[in-house]
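Subject: Structure for your files

Hello,

Here is the structure we spoke about, with notes on what turned up in it. Please look it over before reading on.

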Amino acid sequence: MHGVTPHCWLNLVLANGGCQVQEEESLVRQAIQGDQMAFSRLYEEYFDKIYRYIAVRVGDRIEAEDMTQQVFLKAVKSISSFKWKGVPFSAWLFRIAHNQVVDYLRKRKKQPATLFDESLVTSNSNPQLMAERNLDVEQLKIATKRLTEAQREVISLRFAGGLSVAQVAKIMGRSQGAVKALQHSAIVALRKILSVGNDEQVQRI
Amino acid sequence: MSKSREFNIILNECLERMLDNGESLEQCLQDYPEYAGELKPLLDVVVATKKASAVEPHPEFRDRARYQFLSALREMEPQRSRGFFSWQPRWAITVAAVLIVLLAGSGTVFAAGDTMPDDFLYPIKLTTERVQMFFTFTTLGKAELNAKLADKRVDEIVRMADEGNSEKIELTALRLDSHLSGIADLAATGWEAGEATMAPEIEEAAVREGMPDVKFTLPGEEEVVEEEAPVAVAPPTPPPPAAVDEAQLMAERVSGANDVELETDRWSKLREAVRQDAVNQPARLRRLLETVSPSVRATLLQAISLSETSYEKALESLN
């Protein structure tokens, strides 16, 4: 389907992203007008991303499932109020998810400590991959506790939500440069935390 | 350009290539061999984080969520055009209530009482229930009414399954979910209100030590409705009574304590009723699977799954 510009699907990843945005805008407009098919396609596009983002932020599978459903139900209820004024649909949807997460964390009245709960690791038929992933989960669970809230948000939106820097910038209301800087500092911080953790482990052994 | 600045640019480029374009760590290192030593440990973190973030929704949840989403989509359109209580002002509900009282005299409402979702008079039954809910003023009362209506919805699903009406099974299952979610929400509200009464200082402290996180708002966007945490306001101190009749005070205390006991008892009864329903009602629906026509099996299964989740949620909230 390369080079097909008049009609390209939402899940077709193009280098410049132009067609994807155009297609998404068109779908959103149709969804606002009550086109259920269009809304369903947006749902399919964002369901996994929203789930991952929430799961990574709250670290609890059941809560993540419940909140993901709530995000889309709220989206259904509020889609008529969405206005395409340079604010992408993704930013709008992730903002709903973010606010859900904030409410949840506030109710729990404690820091979002568990970014990577082991209960979130899905069954995988490849034992080697599972072992690698569990190792990552264990290390990262501790490491991400020590990031700042903004760094954690960028990591969640970029890695779990699969959003671009531009999209993250829109959602967080920051410049792309600021998001890149946060991403950079988060990676460097994670590297330091993980290497210290490894050294401590080695020393203990 | 300084070396560190150049390195930062390269790191950002590699991050974008790996995260947005799906390129591998090796591809990036190959392009910048002079920085490979510094880049690799950082990009290893990127790979590890990406891997750990790749949590997948369980297939069962995916199906359940899709079903609920599509049902919500289908429900939205009739609500926009015909939803009476969703947009009518309160006076309109009162008018409807008066009409229902008048119609009750003619027997229409009575006749609608036992109707099923595929009956002509069924909308009147639903409207009557909404009016009943509207005029139920306590949290507990509303929760009890929702439990009663949930039982009715299960009866209706049973009948619709017998008649092989998939569409009505689906719609009724959503109404059942709505009643049970109502119980969960009301129980949470009731519980929170009880907690606040007992220990306002705890809640106040929680607000003071609240999350530093903030909600995002976007320019030109309508705020998604979110309820803010209530701010604790000290009630005005009543003036001391000129003379206190100790016997009267004692009587009031005893009466107040009885009210609390009575309410606690009703919540317990409701919890027990929902606990039994959570076991019996889905089981009742499950038994139907043996007898219903194959054309409604899939819908009935989804309805059962939704009912189980909804009962569980209601019970969890009541507990």
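**Helix packing in chain A**

In chain A, helix α6(A) passes α7(A) in a right-handed crossing. Please keep in mind throughout that this is a predicted model. Helix α6 covers residues 149-160 and helix α7 covers residues 165-172; they pack at an angle of about 135 degrees, and their axes are 10 Å apart. The arrangement therefore counts as oblique for α6(A) against α7(A). On the α6(A) side the residues in contact are A:A150, A:E153, A:V154, A:L157 and A:R158, and they meet A:V165, A:V168, A:I171 and A:M172 in α7(A).

Another pair in chain A is helix α3 (residues 61-78) and helix α4 (residues 89-108), whose axes come within 10 Å and cross at roughly 135 degrees. The crossing of α3(A) over α4(A) is right-handed. From α3(A), the residues A:E63, A:M67, A:Q70, A:V71, A:F72, A:K74, A:A75 and A:S78 take part. They meet A:W92, A:L93, A:I96, A:A97, A:Q100, A:V101 and A:Y104 in α4(A).

**Aromatic residues**

A:F72, listed above in α3(A), also belongs to an aromatic cluster. Over all chains, the search of the whole structure finds 16 aromatic pairs. One of them is A:F39 with B:F69: the ring centres are 5.4 Å apart and the planes stand at 85 degrees, so the pair is edge-to-face. This pair crosses between chains, with A:F39 in helix α2 (residues 36-58) of chain A and B:F69 in helix α4 (residues 59-82) of chain B. Are these two residues, A:F39 and B:F69, buried or exposed? Both A:F39 and B:F69 are buried.

**The disulfide**

How many disulfides are there over all chains? The count comes to one. The disulfide joins B:C14 to B:C28, with an S to S distance of 2.0 Å. B:C14 lies in helix α1 (residues 3-20) of chain B and B:C28 in helix α2 (residues 25-31) of chain B, so the link ties together parts that are 14 residues apart in sequence. The angle about the S-S bond is -105 degrees, and the link of B:C14 and B:C28 is left-handed. Both cysteines, B:C14 and B:C28, are buried.

**The two chains overall**

Chain A has eight helices and zero strands. Of its 205 residues, 50% count as buried. Among contacts in chain A with a separation of 6 or more, 61% are between residues 24 or more positions apart.

Chain B has twelve helices and zero strands. Buried residues make up 37% of its 319 residues. For chain B, 65% of the contacts between residues at least 6 apart in sequence join residues at least 24 apart.

Regards

Methods
Residues numbered from 1 in each chain as written. Chains lettered and ligands numbered in written order. Predicted model: local features only at pLDDT ≥ 70, side-chain atom pairs only at ≥ 80, totals over all residues. Heavy atoms only, no water. Phe/Tyr/Trp six-rings, centres within 6.5 Å; stacked < 30°, edge-to-face > 60°. Helix = DSSP H or I, 4+ residues; strand = E, 2+ residues; numbered from the N terminus. Buried < 20%, exposed > 50% of the residue type's maximum accessible area, 1.4 Å probe, protein only. Disulfide = S-S within 2.5 Å. Axes fitted to C-alpha atoms, helices over the stretch in contact; angles between N-to-C directions. Left-handed = near helix turned anticlockwise from the far one by under 90°. Contact = heavy atoms within 4.5 Å. Parallel < 35°, antiparallel > 145°, perpendicular 65-115°, else oblique.
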